[in-house]
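Thanks for asking me to look this one over. Below are my notes, point by point, to read alongside the model.

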Amino acid sequence: MIALPAEGRWVCVARRFVTALLIHWGVAEDDRDSVLLIVGELAANAAQHGRADMTVSLTLEERSVRIEVADCGTSPVPVRPKRFGSCDEHGRGLDIVECLAEWSETRTGRNGWQARAGFRLASTAAAMPSSTEQDRALPGCARGTVGER
């Protein structure tokens with residue numbers, strides 16, 4: 001889990017954290033890309049609609065990854081306008097998550113909203129990567145910092 005300010009500039013830090021974790025778990029590159037897209041969309045929503053902090057949490061469960069992104073704010077769950085054919089770049093994030101994830105849900109809580117998704121891995125996790133591969137996952141960012149719990 002990593003806790004970050006709910007601001008757009010921190011979404012890339014969440015993605016780097018998730019990249020390092022997925023590499024550490026030995027998740028195949030194609031699956032990593034899909035999980036990163038899900039995390040990026042959910043973290044971007046938390047950054048846009050959250051008030052203070054967001055947390056990103058991943059859990060490896062046999063052959064799937066459980067993703068959870070929550071914000072500590074009081075704004076309502078983002079509205080998902082259906083604008084198929086529109087050139088607008090906003091409002092499609094949760095649709096992308098639904099397409100990629102095996103399941104997804106969004107709930108409003110007392111302190112903000114929480115989005116969860118499950119992603120089924122195409123193959124079992126590979127052997128642990130080398131330390132060099134792990135180090136490349138966080139370019140320009142110190143591991144174990146920025147509110148990591």
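1. A3 stands opposite T55 of strand β2. The two strands involved, β1 (residues 2–5) and β2 (residues 53–61), run antiparallel and are joined by four bridges. Strands here are DSSP runs of E with at least two residues, helices are runs of H or I with at least four residues, and both are numbered from the N terminus. Two strands count as paired if DSSP finds at least two bridges between them.

2. Before going further, please keep in mind that this is a predicted model, where local features need pLDDT of at least 70 and side-chain atom pairs count only at pLDDT 80 or more, while totals for chains, interfaces and linings use all residues. Residues are numbered from 1 along each chain as its sequence is written, and side-chain values use heavy atoms, with hydrogens and water left out.

3. Moving along the sheet, β2 also pairs with β3 (residues 64–71), in the antiparallel sense and over eight bridges. M54 has D71 as its bridge partner in β3, and L60 has V65. β2 and β3 make a hairpin with two residues between them, and E62 in the turn has a positive phi of about 50°.

4. For the overall layout, the protein chain has four helices and five strands, which run β-α-α-β-β-α-β-β-α from the N terminus on. Of its 149 residues, 42% are buried; buried means under 20% relative accessible area, exposed means over 50%, and partly exposed lies in between (1.4 Å probe, protein chains only).

5. The largest nonpolar core has 34 residues, and those with the most contacts inside it are V18, V35, L58 and I67. At least two residues of this core come from each of β1, α1 (11–25), α2, β2, β3, α3 (93–100) and β5 (113–120). Such a core is a set of buried Ala, Val, Leu, Ile, Met, Phe, Trp, Tyr and Cys residues joined through side-chain atoms within 4.5 Å.

6. Which residues does V35 contact, leaving aside its neighbours within four places in sequence? They are V18, L22, L58, V65, I67 and F119. Contact means heavy atoms within 4.5 Å.

7. S34 sits in helix α2 (residues 29–49). Is S34 buried or exposed? S34 counts as buried because its relative accessibility is 17%. Not counting residues up to four places away in sequence, S34 touches L100 and F119.

8. On the cysteines, the structure holds zero disulfides, a disulfide being a pair of cysteine sulfur atoms within 2.5 Å. C12 is partly exposed, with a relative accessible area of 35%. C72 also counts as partly exposed, at 43% relative accessibility.
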